[in-house]
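Welcome, and thanks for taking a look at this structure.

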Amino acid sequence: MISHAKHALLIKLPRITSRLGNVSPNLSWAKALPLPQFQPFSKLRKASSPLTARFMGSLSALKEPLDYPIARRDDSVVDDYHGVKVADPYRWLEDPDAEEVKDFVQKQVILTESVLEKCEAKDKLRDKITKLFDHPRYDVPFKRGNKYFYFHNTGLQAQNVLYVQDSLEGEAKVLLDPNSLSEDGTVSLSTLSVSEDAKYLAYGLSSSGSDWITIKVMRVEDKAAEPDTLSWVKFTSISWTHDNKGFFYSRYPAPKEGENIDAGTETDSNLNQELCYHFLGTDQSEDILCWRDPENPKHFVGGGVTDDGKYLLLYISESCEPVNKLYYCDMSSLPEGLEGFRKKNGMLPFIKLIDRFDAKYEAIANDDTVFTFLTNKDAPKYKLVRVDMKEPSNWTDVIPEAEKDVLESAYAVNVDKMIVSYLSDVKYALQVRDLKTGSLLHQLPIDIGSVYGISTRREDSVAFIGFTSFLTPGIVYQCNIGTEVPEMKIFREISVPGFDRSEYEVTQVFVPSKDGTKIPMFIVGRKNINLDGSHPCLLYGYGGFNISLTPTFSVSRIILTRHLGAFFCIANIRGGGEYGEEWHKAGSLSKKQNCFDDFISAAEYLISSGYTQPKKLCIEGGSNGGLLIGACVNQRPDLFGCALAHVGVMDMLRFHKFTVGHAWTSDYGCSDKEEEFNWLIKYSPLHNVRRPWEQHPDRSLQYPPTMLLTADHDDRVVPLHSLKLLATMQYVLCASVEKSPQTNPIIGRIECKAGHGAGRPTQKMIDEAADRYGFMAKMLGASWIE
């Protein structure tokens with residue numbers, strides 16, 4: 001999958017940042033927990049049926065039960081939530097630096113390795129995935145000054161390489177190769193910005209997948225490194241002023257003296273983010289503090305310079321909710337420019353255009369004081385609006401909200417045009433419209449699939465559009481808007497040797513959920529397969545934070561369909577953004593159970609329609625989707641034959657206390673409030689592990705084989721979530737019961753020198769895919785097909 005903000009759960013970064021995912025087809029499995037919703041002005045924006053006993057998914061795939069390591073239970077840790085006592089015996093697992101925690105992790109690693117050794121398909125999968133993944137991949141190029149920049153991977157390079165060329169036909173030269181920055185490929189490029197004159201590249205490096213980055217600067221012409229180094233940076237864009245003297249970025253205060261931490265393993269909350277301006281060639285201590293708000297330490301701030309270079313837009317968000325405040329500063333009116341603020345301590349004089357958190361506002365274009373915004377204000381499926389800053393109370397619609405389709409994005413191009421992208425029943429549609437009137441000029445022809453990147457500037461007549469689908473590894477289109485009828489031609493097409501799309505078919509079905517709501521689901525498999533219930537099946541879901549799962553190409557999943565005869569399915573459950581903000585809200589807060597009901601209904605459909613049966617059905621999700629898997633396994637252990645939960649949010653009573661978890665209360669609620677505690681305690685995976693054989697004494701039930709995946713440098717969804725759930729499941733289901741009926745393995749795969757997903761080196765992705773799908777194949781009893 002192409003996952004631009006891998007594992008969303010957290011904060012939707014400015015789109016120049018989020019577009020630096022793995023180039024085109026990749027092995028990533030999940031959307032990340034999003035990041036807060038600020039979108040600095042950027043020239044690159046994105047993108048029930050009853051089951052009989054013979055179908056129960058609980059036959060042990062291993063010949064003998066596992067000998068689980070004993071984890072200490074501290075029964076003295078009991079919290080009082082509004083009069084309800086809740087034990088937390090594994091609270092000690094929250095300290096990543098404790099020797100006891102490291103020992104626990106090491107024992108779990110050994111246990112998991114012992115299980116994976118028995119998974120015969122693992123090595124075959126690694127070999128096949130490696131061979132199919134070894135093909136050249138390209139991202140969408142973008143233009144700065146008179147130069148073009150793009151990412152390229154020859155096939156198995158750990159990280160994608162940034163190239164530059166003087167023209168589209170000119171020689172491409174390596175500008176920045178992250179693979180040269182570490183021996184094991186764990187230093188990755190997480191954000192970048194090229195100055196307007198294309199003389200300088202500012203770029204952010206992440207180590208071991210952490211959200212923390214260090215910003216450095218190089219000269220484009222000769223690749224010479226500038227002395228600039230900016231630290232304690234996280235959740236940021238980089239936005240240059242048009243005089244090319246420096247850039248805006250967001251940072252956090254440095255730790256107090258004496259606090260020596262391994263950035264990425266700490267769990268402290270991220271508070272007091274600041275917007276700063278850095279002058280090239282100066283020390284970070286001399287940076288201008290443009291904005292901070294100590295009265296609101298949990299706010300996220302981001303800054304972006306408008307296309308005309310005149311205004312700085314300040315985006316402020318408080319959570320992952322798609323709402324933000326919007327302030328602006330007319331930099332042309334500063335008497336001494338930004339230079340004047342080097343001599344005084346005051347912050348920049350911002351004017352507050354939107355000073356409440358009631359909707360999302362993302363700037364698309366401006367003509368002096370007249371701005372066009374993408375917004376969900378009174379428009380859950382989004383619309384385009386216009387306002388003159390001189391008359392801030394007078395807003396007009398440019399493109400009204402559509403009845404059914406979701407307006408995903410808009411990009412100004414060719415001076416007076418724009419390319420707009422809609423999501424229609426989870427499939428993308430592209431249009432060219434008039435920027436001033438919003439009137440439709442042309443439909444752009446694209447196949448059924450996903451637009452994963454659009455790169456253009458308002459002054460340019462040409463746009464580059466990245467496209468992918470389940471059976472299309474990747475196409476970059478070059479679209480000329482300057483002609484009477486837009487010309488779409490293939491600029492680059494990614495070819496995967498040995499992959500023949502004609503062997504596969506994609507079906508979209510609409511499954512009724514528990515309350516009757518129709519849930520879209522894509523089903524991918526080989527053609528002409530008999531639907532007799534005998535096939536392995538992988539069902540994937542996310543369902544949160546307004547994030548949509550759209551068709552994307554995945555090497556590892558194609559391997560599963562080819563060599564395991566499996567179906568691969570994506571359920572577009574509520575909580576996502578597939579049908580706009582109402583769909584999102586229908587799966588959040590007090591309605592979170594809808595997500596699990598939707599996913600369970602999708603699983604039951606696959607069984608009743610003959611695609612698979614419970615013991616052949618594996619479910620998978622990551623981040624917020626890891627929570628989905630944890631909750632569904634607790635609620636319906638009989639329905640699944642295997643479960644893979646990546647970096648999940650598993651402790652719903654304490655998630656808000658760690659790193660950026662406080663931003664997720666917009667989707668989940670918070671246990672500090674009694675009403676919201678009562679929602680959370682009902683489905684929190686950590687607090688709902690029950691012995692199914694005690695709940696249903698008349699049935700031979702147990703939990704399906706389960707693998708919880710996490711990483712030591714995940715500072716988005718910290719590892720304690722998976723570690724506490726792992727210890728709880730192993731104790732409640734196995735260690736605490738003599739001759740336990742739970743013979744299916746409950747294991748954890750804990751990656752070292754890795755984070756929430758972004759920036760993971762190619763080899764680590766391949767190894768993880770082989771491990772988890774090798775485990776799946778063994779647990780489902782899937783036969784290998786050459």
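You are looking at a predicted model, so please read what follows with that in mind.

**A buried pair across the chain**

- Arg 654 and Asp 88 make a salt bridge, and their closest N and O atoms are 3.9 Å apart.
- This pair connects distant parts of the chain, with 566 residues separating the partners.
- Arg 654 sits in the loop between strand S40 (642-646) and helix H8 (665-668), while Asp 88 sits in the loop between strand S5 (84-87) and helix H2 (99-116).
- Across the whole structure, a search finds 54 salt bridges, and the pair of Arg 654 and Asp 88 forms one of them.

**A pair between two strands**

- Asp 397 and Lys 383 also form a salt bridge, with 3.3 Å between the closest N and O atoms.
- Asp 397 belongs to strand S26 (residues 395-399) and Lys 383 to strand S25 (residues 383-388), and the two residues are 14 residues apart.
- Are these two partners buried or exposed? Asp 397 has a relative accessible area of 44%, so it counts as partly exposed, whereas Lys 383, at 12%, is buried.

- In helix H12 (residues 762-780) you can find Glu 768 and Arg 772, which are four residues apart, or about one turn of the helix.
- These two residues form a salt bridge whose closest N and O atoms are 3.0 Å apart.
- Glu 768 is buried, because its relative accessible area of 5% is under 20%.
- Arg 772 is buried too, with a relative accessible area of 1%.
- Elsewhere, salt bridges with shared partners tie Lys 122, Asp 123, Arg 126, Arg 749, Glu 751, Lys 764, Asp 767 and Asp 771 into one network.

**An open sheet of four strands**

- Four strands make an open sheet in the order S27-S28-S29-S30, and their pairing is antiparallel.
- Which strands stand at the edges? They are S27 (406-413) and S30 (440-444); each has a single partner strand, so one side of each lacks a neighbour in the sheet.
- From one strand to the next, the twist averages 25 degrees.
- Inside this order, strand S28 (residues 417-424) and strand S29 (residues 427-434) run antiparallel and are joined by eight bridges.
- To see how S29 lines up, look for Asp 434, which has Lys 417 standing opposite.

- Strand S32 (residues 462-469) is largely enclosed by the rest of the structure, because seven of its eight residues are buried.
- On one side of the chain order comes strand S31 (residues 450-455), which pairs with S32 in the antiparallel sense over five bridges.
- Six residues connect S31 to S32 in a hairpin, and Ser 455 stands opposite Phe 464 in S32.
- S32 also runs antiparallel to strand S33 (residues 472-480), with seven bridges joining the two.
- How many residues lie between S32 and S33 in their hairpin? There are two residues between them.
- As a landmark for this pairing, Ile 465 has Tyr 477 in S33 as its bridge partner.
- As you trace these strands, remember that side chains in a regular strand alternate between the two faces of the sheet.

Terms used. Residues numbered from 1 in each chain as written. Predicted model: local features only at pLDDT ≥ 70, side-chain atom pairs only at ≥ 80, totals over all residues. Heavy atoms only, no water. Salt bridge = Lys/Arg side-chain N within 4 Å of Asp/Glu carboxyl O. Buried < 20%, exposed > 50% of the residue type's maximum accessible area, 1.4 Å probe, protein only. Pairing = 2+ DSSP bridges. Axes fitted to C-alpha atoms, helices over the stretch in contact; angles between N-to-C directions.
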